[in-house]
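Please read the points below with the model open beside you.

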Amino acid sequence: MSEIVYLNGDFMRLEDARVPVLDRGFIFGDGIYEVIPVYSKHPFRMQEHLARFRRSHDAIRLAYPLSDAEWTRLVKDLISRNAGDDQSIYLQVTRGVAKRDHAFPKDTQPTIFGMSSLLSTPAREVVENGVAAITTIDYRWLKCDVKSTSLLGNCLLRQVAADAGAVEVVMFRDAFLTEGSSSNVFVVKNGTVLAPPKTNLVLPGITYDVVLELAQANGVPHEVRQVSEAEVRSADEIWVTSSTKEVLAVTTLDGKPVGSGKPGAVFKRMHQLYQDFKRTVMRQAA
Ligand code: PDD
């Protein structure tokens, strides 16, 4: 089954989808996107993803081109036209095609694109052993709360991790924890989960919210506050979270073991809570 994508009103095979080279997404990275996980053909936290998508449009002064009902229809169509029960839906809107000029063009139609790929959540061995991360300075721009397609900083930083054989970077700005190149970061210190607040310096992760909601609902001690570099370096546990990684333990940081060097007790509890929550939500959706 070939992948079916959506482009500006039509569904087509991925290999047939074409965007003009003057698209501002190509020329300037002038666009925003969303990634929505799908379990058993049901989108997870759809309303929350759409709310963030709308905020991203507002942040870059782009009119929200479809209604929430239309996005929902589009996502459902992509799910049913593509293979796999568990998928990752990618939506992207750019400011459209125009003569190259930094200032916004007038009367240009946005480019609207949607695709699906198989959702590959971390394999059991990865969940059981955790992953390696390395630390870097966060040199990205000051609007990291916008889910922008301008991801050069994130790509350069992720490659630093890849070059070191690690899966993610844990970033600091002014000696405080921000996030990873494509994930939020939590640490655990003396049994308390610490999460950096949702400021302009981090993406407000949908998974981040789920993790904090689960901590709250299940009596897991947690604090949302600035986390210093020293606290990260001496943490008992470090986690990364995202729609595709879910909740994953970082077991080495810069080559040194985090805590015992194995996923910790609080991680195991949260991972289980997350899996149970997913199952409950999907049962309700079915
Ligand atoms: N990335 N921080 C950054 C910089 C991200 O790119 C992401 C997600 C997250 C986690 O957000 P969420 O829990 O809503 O997935 C945090 C997606 C998956 C991506 O770019 O592919």
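Predicted model: local features only at pLDDT ≥ 70, side-chain atom pairs only at ≥ 80, totals over all residues.

1. Helix H3, which covers residues 68-81, has 14 residues and reaches 20 Å from its first C-alpha to its last, close to the 20 Å expected at 1.5 Å a residue. The buried residues of H3 are Trp 71, Thr 72, Leu 74, Val 75, Asp 77, Leu 78 and Ile 79. As background to such a list, an α-helix has 3.6 residues a turn, so residues three or four places apart point the same way.

2. Helix H8 can be checked by its span as well: at 1.5 Å a residue its 21 residues should span 30 Å, and the end C-alpha atoms of H8 are 30 Å apart, which agrees. The buried residues of H8 are Val 266, Phe 267, Met 270, His 271, Leu 273, Tyr 274, Gln 275, Lys 278 and Met 282.

3. At what angle do helix H6 and helix H8 pack? The angle between H6 (residues 206-217) and H8 (residues 265-285) is about 105°, and their axes are 10 Å apart. Because angles of 65 to 115 degrees count as roughly perpendicular, H6 is described as roughly perpendicular to H8. On the H6 side the contact involves Thr 207, Val 210, Val 211, Leu 214 and Ala 215, which meet Met 270, Leu 273, Tyr 274 and Phe 277 in H8. Sorted by class, this contact of H6 with H8 has eight nonpolar residues, one polar residue and no charged residues.

4. The structure holds twelve aromatic pairs. One of them joins Tyr 64 and Trp 71, whose ring centres are 6.3 Å apart and whose planes are at 50°, so the pair is tilted. Tyr 64 counts as buried at 17% relative accessibility, and Trp 71 counts as buried at 0%.

5. Phe 186 and Tyr 208 also form a tilted aromatic pair, with 5.3 Å from centre to centre and 40° between the planes. Since Phe 186 lies in strand E10 (residues 184-189) and Tyr 208 in helix H6, the pair ties together parts that are 22 residues apart in sequence. Phe 186 is buried, with a relative accessible area of 0%, and Tyr 208 counts as buried at 3% relative accessibility.

6. Which residues do ring pairs link into a cluster? The cluster consists of Tyr 39, Phe 44, Tyr 274 and Phe 277. Tyr 274 and Phe 277 are also among the H8 residues that meet H6, and Tyr 274 is one of the buried residues of H8.

7. Leaving aside neighbours within four places in sequence, Gly 130 is in contact with Glu 125, Ala 249, Thr 251 and Pro 263. Gly 130 and Gln 216, which are 86 residues apart in sequence, are 24 Å apart in space, C-alpha to C-alpha.

8. Asn 190 is found in the loop between E10 and strand E11 (192-195), and at 67% relative accessibility Asn 190 counts as exposed. The C-alpha atoms of Asn 190 and Phe 113 are separated by 45 Å, the two residues being 77 residues apart along the chain.

Definitions and conventions: Residues numbered from 1 in each chain as written. Heavy atoms only, no water. Axes fitted to C-alpha atoms, helices over the stretch in contact; angles between N-to-C directions. Helix = DSSP H or I, 4+ residues; strand = E, 2+ residues; numbered from the N terminus. Parallel < 35°, antiparallel > 145°, perpendicular 65-115°, else oblique. Contact = heavy atoms within 4.5 Å. Nonpolar A, V, L, I, M, F, W, Y, C, P; charged D, E, K, R; others polar. Expected span 1.5 Å × (residues − 1). Buried < 20%, exposed > 50% of the residue type's maximum accessible area, 1.4 Å probe, protein only. Phe/Tyr/Trp six-rings, centres within 6.5 Å; stacked < 30°, edge-to-face > 60°.
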